[in-house]
Amino acid sequence: HPRATGEGVSVCILDSGVERALLEEKFRQRGQIVHPIEGGIFMASRPEPLPYDGHQSTPHGTTVADILLTLAPRIRLYSADIFGPQGTCEVEVVVRALRWAMDVWHCKIINLSLGVPEAHLQQVQRRQQLLRAIEEAYYKDVLVVAAAHNEHPLMRSYPAAFAPPLLSVDKGIFADPLDFAYHLSEPIEFQAHSRGYLGPFAAEPATSWAAPHLAAIAARILSLRPSLKPFEIKTILYWIFQARDQACGQQ
């Protein structure tokens, strides 16, 4: 649909930061103008994020942002840098960034192309803290998309293991980047295209690239029906997959 561009949808990525100028230049060369990327740097020692100037980044976060903007170029993108200069991240920082994206930036979609290994969440209290934040997003009509561990199902990672109420995504290869697979009742329900378009590791299939593909598809749907709730988006994704699967079976 010509209006399925992500217009009017705010999306946050919890990642390692985004190189804003690099992305703006890429899309300018393609004749596209993207909304200014905003964000903040989250740290365990501060209740509020540090200002984001568009330079504190690694290729990982920039590749994730590029996928989102490639498929849904009119979204309003927010970068929640949860690694910061220290290069590591605690669960408490993830929770703080999640709540900031919901309550301050009013994002409708949150992408987590990362996972906390199960070994780091042995403490039940920390695991419950993360689960409560994910459930809070669901009840506030915020869709959370999380990447599975790249070695799934041999290794579990969070928050993808909390599905539902979020959308968990494994890696897959599809001819059309807007294609995806939906495996109802599986621990990891979705597969999406898992190659990126910008960055030194973009060509290597990874769940980190699959998650923003599915998040961008959801943003395109929301740009047509902004009032949809997470369970309704999931239902529409199921219908789309079923229709495509049936169409392929008839050819």
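Predicted model: local features only at pLDDT ≥ 70, side-chain atom pairs only at ≥ 80, totals over all residues.
## Helix packing

Two packed helices are described by the angle between their axes and the distance between the axes.

| Helix pair | Angle between axes | Distance between axes |
|---|---|---|
| H1 (residues 20-29) and H2 | about 30° | 10 Å |
| H2 (residues 59-71) and H5 (residues 207-224) | about 30° | 8 Å |
| H3 and H4 (residues 124-139) | roughly 15° | within 10 Å |

Helices H1 and H2, with an angle of about 30° between them, are therefore roughly parallel to each other, and their crossing is right-handed. On the side of H1 the contact is made by Leu22, Leu23, Lys26 and Phe27, while H2 contributes Thr62, Ala65, Asp66, Leu69 and Thr70. Sorted by class, this contact of H1 with H2 holds five nonpolar, two polar and two charged residues.

Helix H2 also packs against helix H5, again at an angle of about 30°, and these two helices are therefore roughly parallel to each other as well. The crossing of H2 and H5 is right-handed. From H2, the residues His60, Thr63, Val64, Ile67, Leu68 and Leu71 take part, and they meet Ser208, Trp209, Pro212, His213, Ala215, Ala216 and Arg220 of H5. Here the contact comprises eight nonpolar, four polar and one charged residues.

For H3 and H4, the axes cross at roughly 15°, which makes H3 roughly parallel to H4. In this pair, H3 passes H4 in a left-handed crossing. The residues of H3 that meet H4 are Val91, Glu92, Val94, Val95, Leu98, Arg99, Met102 and Asp103, and their partners in H4 are Arg126, Gln129, Leu130, Ala133, Ile134, Glu136 and Ala137. By class, the contact of H3 with H4 is made up of nine nonpolar, one polar and five charged residues.

## Aromatic pairs

Across the whole structure, a search finds eight aromatic pairs. One of them joins tyrosine 78 and tryptophan 105, whose rings are stacked, with 5.1 Å from centre to centre and 20° between the planes. Because tyrosine 78 belongs to strand S4 (residues 76-81) and tryptophan 105 to the loop between helix H3 (91-103) and strand S5 (109-112), this pair ties together parts that are 27 residues apart in sequence. Tyrosine 78 and tryptophan 105 are both buried. Ring pairs also link Phe42, Tyr78, Trp100 and Trp105 into a cluster.

Phenylalanine 180 and phenylalanine 190 form an aromatic pair that is tilted, with 6.2 Å between the ring centres and 50° between the planes. Phenylalanine 180 lies in strand S10 (residues 180-182) and phenylalanine 190 in strand S11 (residues 190-193), so the pair ties together parts that are 10 residues apart in sequence. Both phenylalanine 180 and phenylalanine 190 are buried.

Apart from residues up to four places away in sequence, serine 10 touches Arg76, Tyr78, His106, Cys107, Lys108 and Ile109.

Alanine 80 has its place in strand S4 and is buried, with a relative accessible area of 0%. When residues up to four places away in sequence are not counted, alanine 80 touches Cys12, Ile13, Leu14, Asp15, Gly40, Phe42, Ala97 and Trp105.

Leaving aside neighbours within four places in sequence, arginine 74 is in contact with Thr5, Gly6, Glu7, Gly8, Ile33, Val34 and His35. Between the C-alpha atoms of arginine 74 and alanine 243, which are 169 residues apart along the chain, the separation is 26 Å.

Technical notes
Residues numbered from 1 in each chain as written. Heavy atoms only, no water. Phe/Tyr/Trp six-rings, centres within 6.5 Å; stacked < 30°, edge-to-face > 60°. Helix = DSSP H or I, 4+ residues; strand = E, 2+ residues; numbered from the N terminus. Buried < 20%, exposed > 50% of the residue type's maximum accessible area, 1.4 Å probe, protein only. Axes fitted to C-alpha atoms, helices over the stretch in contact; angles between N-to-C directions. Parallel < 35°, antiparallel > 145°, perpendicular 65-115°, else oblique. Left-handed = near helix turned anticlockwise from the far one by under 90°. Contact = heavy atoms within 4.5 Å. Nonpolar A, V, L, I, M, F, W, Y, C, P; charged D, E, K, R; others polar.
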